Amino acid sequence: MLDWLWRCWVRRPAVDLVLAGAVVGLHLAAVRITGAGDVLGWPGREQRIAVYTTTATVVAIIGSFITAAVTLYAAATGPRMRLLRTDPEKGPEFRRNWMSILSATLVVSGLCLLAVVFDTAEHDPGGVHWLAEGAAALGVARAVRLMWLFGKVIIGNDLDLGDTRDPALQPSEPVRQPGA
């Protein structure tokens, strides 16, 4: 069962949207039922705006790390990475995952900035903070995906590097001492 879930998660980046929606939906239901636990609803407007802008900023910074990860992926030239990129099934899956992560940074930052625009009241009666919470949940899901992908690329590069034997890096023959 876990293997099927894992393969489903890897092959379908849209699963992250479902997970983020489920997390926020369950949290919203719990808040409605219990009347407690609405963490973004408690503070005043100024503090919520600070949370929205900080989240948008952090996601934008993470976007630069994603760019570095994609650059590493694109620059990898070893046989494993070449095989991965040209594999008719896994190659498109990897590219789809990278694109989903890149696009999520724009979506999450955009949603947080929209929350800044729409959150105009002191106590947020319209529930804009739920939009920001959904954006944050999507960001977390895509961050997990990024760590997984980046880990795979690093492992593939390291294995490819270990396969290449550069004579310049090989230890030299021991020098025989005279009379030994």
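These legends describe close-up views of a predicted model.

**View 1. E133, a buried acidic residue without a salt bridge.** E133 sits in helix α6, residues 128-163. R32 carries the nearest side chain of opposite charge, and it is 11 Å away. The side chain of E133 does make a polar contact with the side chain of H27, at 2.6 Å. Leaving out residues up to four places away in sequence, E133 touches V24, H27 and L40.

**View 2. D16, R142 and R145, a network of salt bridges.** R142 and D16 meet through their side chains at 2.5 Å, N to O. R142 belongs to helix α6 and D16 to helix α2 (residues 15-34), so this pair ties together parts 126 residues apart in sequence. D16 also forms a salt bridge with R145, with the closest N and O atoms 2.8 Å apart. R145 lies in helix α6 too, so this pair links parts 129 residues apart in sequence. Both R142 and D16 are buried. R145 is buried as well, at 0% relative accessible area.

**View 3. D119 and R48, a salt bridge between a loop and a helix.** Their side chains meet at 2.7 Å, N to O. D119 lies in the loop between α5 and α6 and R48 in helix α3, so the pair ties together parts 71 residues apart in sequence. D119 is buried, with a relative accessible area of 0%. R48 also counts as buried, at 0%.

**View 4. The largest nonpolar core, with 14 residues.** Among those with the most contacts inside it are Y73, W98 and L146. Helices α3, α4, α5 and α6 each supply at least two residues. Helix α6 gives the most, with four.

Key: Residues numbered from 1 in each chain as written. Predicted model: local features only at pLDDT ≥ 70, side-chain atom pairs only at ≥ 80, totals over all residues. Heavy atoms only, no water. Buried < 20%, exposed > 50% of the residue type's maximum accessible area, 1.4 Å probe, protein only. Lys, Arg positive; Asp, Glu negative; His and termini not counted. Salt bridge = Lys/Arg side-chain N within 4 Å of Asp/Glu carboxyl O. Polar contact = N/O pair within 3.5 Å; in protein donor to acceptor, adjacent residues only side chain to side chain. Contact = heavy atoms within 4.5 Å. Core = buried A, V, L, I, M, F, W, Y, C linked by side-chain atoms within 4.5 Å.
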